[in-house]
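Please look over the sequence and the model shown here before turning to the questions.

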Amino acid sequence: NLSAVSEFVFVGLSDAPEIRFFLFVLFLLVYLATVAGNITLLVAISTDSHLHSPMYFFLGNLSLLDLLCPTITVPKMLGALLLEHKEISFSGCLFQHFSLIAVVGTEIFLLAVMAYDRYVAVCHPLRYPSIMSTKLCAQLAVGTWATGLLNSLLHTSLLFTLSFCGPNKIQQYYCDIPPVLALSCSSTHSRELVILVVAGVLGSSACVVTVVSYICILLEILAKNFPGIWHKAFSTCGSHLTVVCLFYGTTICTYVRPSFTYSPRWDRVVSMLYGMLTPLLNPIIYSLRNKEVKCALKRVISQV
């Protein structure tokens with residue numbers, strides 16, 4: 001007598017009317033600022049010839065991902081806050097989950113590629129143009145997007161082929177792995193193990209590449225104690241390292257852990273950090289800490 005779930009209901013947002021309106025205004029402003037910041041950075045990188053280099057090519061990809069990440073989840077959340085339309089169809093939840101995991105996974109791999117790019121720039125400056133060629137940059141970018149999509153396809157197929165026949169209330173404001181997995185009425189141990197192993201291996205691999213790259217950069221800086229080299233190295237790598245710490249820390253806390261540690265209230269806070277705060281901070285961090293980007297933004301604004 002079990003009936004399949006045809007839709008899910010988001011219950012991760014407050015039911016108090018006065019708080020809902022405040023959250024709507026707050027999240028709308030954050031979303032608009034995120035969209036404006038990342039679009040401005042994309043326009044500056046694409047139109048300014050001074051920024052046509054591997055570093056800014058990858059930064060443009062990062063801005064595109066930061067534009068997509070909140071766009072996947074925030075409009076639906078704003079509709080739930082303003083119109084109280086908290087339902088989402090099964091297929092809509094599937095598509096939202098696939099898109100979000102693809103974007104998050106791609107960004108994890110892209111940050112590792114950006115760390116390798118900074119390693120080559122600092123440790124092999126003379127060979128940098130030949131190593132980071134246009135062909136290699138294109139291959140790395142396509143590889144990160146393809147890996148993110150395949151990773152998302154695996155997670156989505158494992159999650160949404162489970163049976164959903166009981167509660168349909170998601171303790172979150174979007175369709176994510178832990179809250180949806182908790183609603184399944186079939187055994188999830190084997191699939192949870194596969195998801196955990198795949199996410200752990202891919203995430204740890206990207207993290208290792210990033211950590212090793214920055215260790216090599218640090219050793220290179222210590223070996224060459226030239227005047228001003230500390231300032232130059234940290235001006236180019238400090239912003240990237242800040243983004244890495246914010247994004248890796250929050251995503252690892254969300255996905256690379258067993259389901260029995262799932263806490264709806266804590267996970268909602270963490271998801272806000274990598275889903276809304278990090279995409280907002282990325283263009284601010286890069287534009288404020290990089291003189292070339294600031295000059296490009298001034299030229300774009302003056303043209304407009």
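This is a predicted model: local features need pLDDT of at least 70, side-chain atom pairs count only at pLDDT 80 or more; totals for chains, interfaces and linings use all residues.

Residues are numbered from 1 along each chain as its sequence is written, and side-chain values use heavy atoms, with hydrogens and water left out.

Q: How many helices and how many strands does the chain have?
A: Helices (H or I, at least four residues) and strands (E, at least two) are taken as DSSP runs, numbered from the N terminus. Read in that direction, the elements follow the order β-α-α-β-α-α-α-β-α-α-α-α-α. The chain therefore has, under the DSSP definition, 10 helices and 3 strands.

Q: What is the helix content of residues 20-44, and how far apart are the end C-alpha atoms?
A: The unreviewed UniProt entry lists residues 20-44 among its "transmembrane region" features, together with others including 56-74; such annotations may be inferred rather than shown by experiment, and their positions are given in the numbering used here, with feature names shortened. In the model, residues 56-74 are 100% helix, with end C-alpha atoms 27 Å apart. For residues 20-44, the values are 100% helix and 36 Å.

Q: Is C185 buried or exposed, or does it fall in between?
A: Buried means under 20% relative accessible area and exposed over 50%, with partly exposed in between (1.4 Å probe, protein chains only). C185 forms a disulfide with C165, their sulfur atoms 2.0 Å apart, and that link is right-handed, with 130° about the S-S bond. C165 counts as buried because its relative accessibility is 17%. With a relative accessible area of 40%, C185 is partly exposed.

Q: What pattern do the disulfides of the chain follow?
A: The count comes to 2 disulfides, and the bonded cysteines are numbered along the chain. C216 is in no disulfide, as the nearest cysteine sulfur, that of C123, is 5.9 Å away. The pattern is 1-3, 2-4.

Q: Which helix supplies the largest share of the lining of the largest cavity?
A: On a 1 Å grid over the protein atoms alone, a cavity is a set of points where a 1.4 Å probe fits but cannot get out, and lining residues have an atom within 4 Å of a point. Of its 17 lining residues, the closest to the centre are I108, N151, A199, G203 and Y255. Helices α3, α5, α7 and α8 (229-255) each supply at least two lining residues, and the largest share, 5 residues, comes from α3.

Note on methods:
A disulfide is a pair of cysteine sulfur atoms within 2.5 Å. On a 1 Å grid over the protein atoms alone, a cavity is a set of points where a 1.4 Å probe fits but cannot get out, and a pocket is an open set with protein on both sides within 12 Å along at least five of seven lines; lining residues have an atom within 4 Å of a point.
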